[in-house]
Amino acid sequence: MLAAEEVGTEVLTGEYLSQWLRHSKGRLRSKTHEGYEGLIRLYAAPALGGIVLARLHPLHLQECYASLLERGLAGGTVLNLHLVLAQALSQAVRWGLIERSPASGARAPRPRRPEPVAVDPALAARILQAVAGTPMEVPAAMALCTGMRRGEILALRWADLDEGYTVAQVRRSLQVSGEGLHFVEPKTRRSRRSVALPSFLRSYLQRQRKDQADRRAACVSWRDTDLVLDAGDGGPRHPDTLSSGWYSFLKRSGLPHVRFHDLRHAHATLLLVHRVHPKVVSERLGHASVGITLDTYSHVLPAMQAEAAQAIDALFAP
């Protein structure tokens, strides 16, 4: 920590940000801290690191953001940088290093949220048919049928499933950091949830368990992790390997370019189209609030609005 006698001296912004990162490590998830460090190292330090902290002005931040956007950096990344700087500089105020946070006077760009790729029932059926008998079978079926995130699917254990494979308990997620793979607790209370499983998913899970038992019997170095999806030796399947394998599978199968994450979106969209209540969809996805669900899937709402108008017509028709 910067010593009290240094307050008001020529402390550089880069030096302060390094100190802030060091002291924030204990309260952040390792992946989050790694992301903060990357944003500061790659973008904030080169542009702002040499400026005296006490002289840092909102215009310095604004110019940094504009320059990064001109270089082609995504608006979402610039927004994340702004949010990190806002945290760091607010802490500088609390520590008495500056009187007011320059971030409070700067405005970050508002990124456009990309529209999820539309996966209608016909395409969903094509995907399930194409993945049958491949290593992508269970991951794709789980994403389409439950809306679980990639890391949640890869962290699912057999102990998280009931005996009849009717309910899955989402208790952890598999994440990647510079230190390797980590099982982490869900970020929010709503992310820790129970997800009812459709009955047709049972056959997928039964085949997976039998295949896994066969591989365990033939593997002398089997890792007993109880994971539903493993890397072939019982150990965790790397999330990036799943994503890259998914892209290769799509190319070989002649399917449209659908991100693995879009299967989660497809689950939500198909449920909303079939009039499942948004609150239920939100709970299945593990969103922090139903408002996030409604905002994310607003493209589904116009059709539902038309149905609502027709319902009113039916009630008050002359």
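Q: Which residues lie nearest the centre of the largest pocket?
A: This is a predicted model, in which local features need pLDDT of at least 70 and side-chain atom pairs count only at pLDDT 80 or more, while totals for chains, interfaces and linings use all residues. Residues are numbered from 1 along each chain as its sequence is written, and side-chain values use heavy atoms, leaving out hydrogens and water. A pocket is an open set of points on a 1 Å grid over the protein atoms alone, where a 1.4 Å probe fits and protein lies on both sides within 12 Å along at least five of seven lines, and its lining residues have an atom within 4 Å of a point. The lining of the largest pocket is made up of 40 residues, and those nearest its centre are Arg-149, Gln-175, Lys-187, His-261 and Arg-264.

Q: Which elements each supply at least two residues of the lining of the largest pocket?
A: The elements are helices (DSSP runs of H or I, at least four residues) and strands (E, at least two), numbered from the N terminus. At least two lining residues come from each of α2 (30–48), α4 (75–94), α7 (150–155), β2 (173–177), α9 (239–253), α10 (260–273) and α12 (290–296).

Q: Which residues does Gln-175 touch, not counting residues up to four places away in sequence?
A: Gln-175, one of the residues nearest the centre of the largest pocket, is found in strand β2. Because its relative accessibility is 18%, Gln-175 counts as buried, where buried means under 20% relative accessible area, exposed means over 50%, and partly exposed lies in between, for a 1.4 Å probe and protein chains only. Leaving aside residues up to four places away in sequence, the contacts of Gln-175 (heavy atoms within 4.5 Å) are with Lys-31, Gly-180, Leu-181, His-182 and Val-184.

Q: Which element gives the largest share of the lining of the second largest pocket?
A: The second largest pocket is lined by 15 residues, and Thr-134, Pro-135, Gln-208, Asp-211 and Arg-215 lie nearest its centre. Two or more residues of this lining come from each of two elements, α6 (137–146) and α8 (201–218). The largest share, five residues, is given by α8.

Q: How many of the residues of α6 are buried?
A: The buried residues of α6 run from one end of the helix to the other and include Glu-137, Pro-139, Met-142, Cys-145 and Thr-146. Just after α6, Gly-147 takes a positive phi of about 75°. The helix is mostly covered, and the number of its ten residues that are buried is ten.

Q: Which residues does Gln-208 touch, not counting residues up to four places away in sequence?
A: Gln-208 is placed in helix α8, and its relative accessibility is 12%, so Gln-208 counts as buried. With residues up to four places away in sequence left out, Gln-208 touches Val-138, Trp-158, Arg-215, Val-228, Leu-229 and Asp-230.

Q: Is the aromatic pair of Phe-200 and Tyr-204 stacked or edge-to-face?
A: Rings of Phe, Tyr and Trp (its six-membered ring) pair if their centres lie within 6.5 Å, and planes under 30 degrees apart count as stacked, over 60 as edge-to-face and the rest as tilted. The structure holds six such pairs, and one of them, between Trp-158 and Tyr-165, is tilted, with 6.0 Å from centre to centre and 45° between the planes. Both Trp-158 and Tyr-165 are buried. Because the ring centres of Phe-200 and Tyr-204 are 5.8 Å apart and their planes stand at 80°, this pair is edge-to-face.

Q: Is Tyr-204 buried or exposed?
A: Phe-200 has a relative accessibility of 40%, and therefore counts as partly exposed. Tyr-204 has a relative accessible area of 11%, so it is classed as buried.

Q: What distance separates the C-alpha atoms of Leu-56 and Thr-13?
A: Leu-56 lies in the loop between α2 and α3 (58–70), and because its relative accessibility is 8%, Leu-56 counts as buried. Among the residues that Leu-56 touches, not counting residues up to four places away in sequence, are Thr-13, Leu-89 and Pro-102. Although Leu-56 and Thr-13 are 43 residues apart along the chain, their C-alpha atoms are separated by 7.7 Å.

Q: Among contacts in the chain between residues at least 6 apart in sequence, what percentage join residues at least 24 apart?
A: The chain has 318 residues, and buried residues make up 42% of them. Of the contacts between residues at least 6 apart in sequence, the part that joins residues at least 24 apart is 61%.
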